[in-house]
Amino acid sequence: MVAEHTVQTKLTLPLAYDDLARFPADGNRYELIEGSLHVSPSPVPRHQHCIAQLICLLAPNLRADQLLFPAPADVIFSGGTVLEPDIVVAPRSSITVRAIEGPVDLVVEVLSPSTRRYDQVMKRATYAAHGV
């Protein structure tokens, strides 16, 4: 018999990056938009295969001052806005010990039926608001 563990913590709204750090590593994608929590299931193999192919195309074209990261990689746009793009290209100066913080050069979202609207509407608007 396997015992289930639940993490209980008191969260105050709006949420911030430090709140996300307390969430379990359960395969879900946890993101914040202006302090509001958004949870997506882990992607399916076809989605991940598309990401792998895109990485192979993008990687040879990076500048010396850029790094490429596949999800999961937290991008902190502000204290209450933290997203996990499928692929992010960021200047080395934006990479910190805990996350990517500051401006990024490129984000890629591979659309899936279950997250298409979220990616095309909410995340796109958030990226645009932060100069991506």
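Select Phe23 first: at 22% relative accessibility, this residue counts as partly exposed. Buried here means under 20% relative accessible area and exposed over 50%, with partly exposed in between (1.4 Å probe, protein chains only). The model is predicted, and local features need pLDDT of at least 70, side-chain atom pairs count only at pLDDT 80 or more, and totals for chains, interfaces and linings use all residues. Residues are numbered from 1 along each chain as its sequence is written, and side-chain values use heavy atoms, with hydrogens and water left out.

**Stop 1: the aromatic pairs**

Rings of Phe, Tyr and Trp (its six-membered ring) pair if their centres lie within 6.5 Å; planes under 30 degrees apart count as stacked, over 60 as edge-to-face and the rest as tilted. Tyr30, at 14% relative accessibility, counts as buried.

Next, select Phe77 and Tyr127, an edge-to-face aromatic pair with 5.9 Å from centre to centre and 65° between the planes. This pair links distant parts of the chain, since Phe77 belongs to strand β4 and Tyr127 to helix α3 (residues 116-129), 50 residues apart. Helices (H or I, at least four residues) and strands (E, at least two) are DSSP runs, numbered from the N terminus. Phe77 and Tyr127 are both buried. The count of aromatic pairs by this rule is 2.

**Stop 2**

Select β1 (29-33) and β2 (36-40). The two strands pair in the antiparallel sense over 5 bridges; strands count as paired if DSSP finds at least two bridges between them. Within this pairing, Tyr30 stands opposite Val39 in β2. Together β1 and β2 form a hairpin with 2 residues between them.

Which residues point each way from β1? Arg29, Glu31 and Ile33 point one way, Tyr30 and Leu32 the other way, and all are buried. Strand β1 is largely enclosed by the rest of the structure, because 5 of its 5 residues are buried.

Now centre on Glu34, in the loop between the two strands. Glu34 has a positive phi of about 50° although it is not a glycine. Its relative accessible area is 71%, so Glu34 is exposed.

**Stop 2: Leu15**

Move to Leu15, in the segment before α1 (17-20). Leu15 has 5% relative accessibility and counts as buried. Leaving aside neighbours within four places in sequence, Leu15 is in contact (heavy atoms within 4.5 Å) with Leu32, Gly35, Leu37, Gly79 and Gly80. For a distance across the model, select the C-alpha atoms of Leu15 and Ala129: they are separated by 19 Å and lie 114 residues apart along the chain.

**Stop 4**

Strands β3 and β6 (residues 87-91) run antiparallel and are joined by 5 bridges. Here Leu67 stands opposite Ala90 in β6.

**Stop 5**

Is Asp86 buried or exposed? At 0% relative accessibility, Asp86 counts as buried, and its place is in the loop between β5 (81-83) and β6. The side chains of Asp86 and Arg29 are joined by a polar contact of 3.1 Å. A polar contact is a pair of N or O atoms within 3.5 Å; within protein, one must be able to donate a hydrogen and the other to accept it, and residues adjacent in sequence count only if both atoms are side-chain atoms. Not counting residues up to four places away in sequence, Asp86 touches several residues, including His47, Ile51, Phe69 and Val108.

Then select Pro72, in the loop between β3 (66-70) and β4 (75-78). The peptide bond from Ala71 to Pro72 is cis, with omega near 0°.

**Stop 3: the cysteines**

A search of the whole structure finds 0 disulfides, a disulfide being a pair of cysteine sulfur atoms within 2.5 Å. Cys50 is in no disulfide, and the nearest cysteine sulfur, that of Cys56, is 12 Å away. Cys50 is partly exposed, with a relative accessible area of 28%, whereas Cys56 is exposed at 58%.
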